[in-house]
Amino acid sequence: MEKLDKETRYIRAKERVVELKKFYANLTSYVLVISVLALINYLTNDFRYMWFLWAAFGWGIGIFFHAVGTFNLNPFFGKGWEERKIKQIMEEEEKTKKWR
């Protein structure tokens, strides 16, 4: 039983690391691409019209939601909610098994 628990924790930790790695890769891409777009914008029209901000804003919204999911920042459906819902579903399933 202890070995199973250790393996489960390892798998969860590994999944968490993959999730963090994806977020940081996305954030790094965002910073690099938006910087290049800002440079192109500056070189082509001296920021008379800062069109790169549209891309920064759109992608920034995506980054925000990715961060909410990665770092469990959602106040409505956070980790505590997940645990309670899992427990509730398991209890309901157990009740229906008894009556079958």
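I started with Phe 47, which at 33% relative accessibility counts as partly exposed (between the limits for buried, under 20% relative accessible area, and exposed, over 50%, with a 1.4 Å probe and protein chains only). Phe 52, at 11%, counts as buried.

A note on the source: this is a predicted model, where local features need pLDDT of at least 70, side-chain atom pairs count only at pLDDT 80 or more, and totals for chains, interfaces and linings use all residues. Residues are numbered from 1 along each chain as its sequence is written, and side-chain values use heavy atoms, leaving out hydrogens and water.

Next I looked up ring pairs (Phe, Tyr or the six-membered ring of Trp, centres within 6.5 Å; planes under 30 degrees apart are stacked, over 60 edge-to-face, the rest tilted). My search of the whole structure gave 7 aromatic pairs. Phe 47 and Phe 52 have ring centres 5.8 Å apart and planes at 45°, so I logged the pair as tilted. For Phe 64 and Phe 65 the centres are 5.3 Å apart and the planes at 70°, so that pair is edge-to-face; both residues are exposed. I also found Phe 23, Tyr 24 and Phe 71 linked into a cluster by ring pairs.

Then I turned to helix α1, residues 2-45 (helices are DSSP runs of H or I, at least four residues, numbered from the N terminus). Which residues of α1 are buried? I listed Phe 23, Tyr 30, Ile 34, Ala 38, Asn 41 and Asn 45. These buried residues pack against α2 (52-70), with contact meaning heavy atoms within 4.5 Å.

Technical notes:
Helices (H or I, at least four residues) and strands (E, at least two) are DSSP runs, numbered from the N terminus. The expected span of a helix is 1.5 Å times one less than its number of residues.
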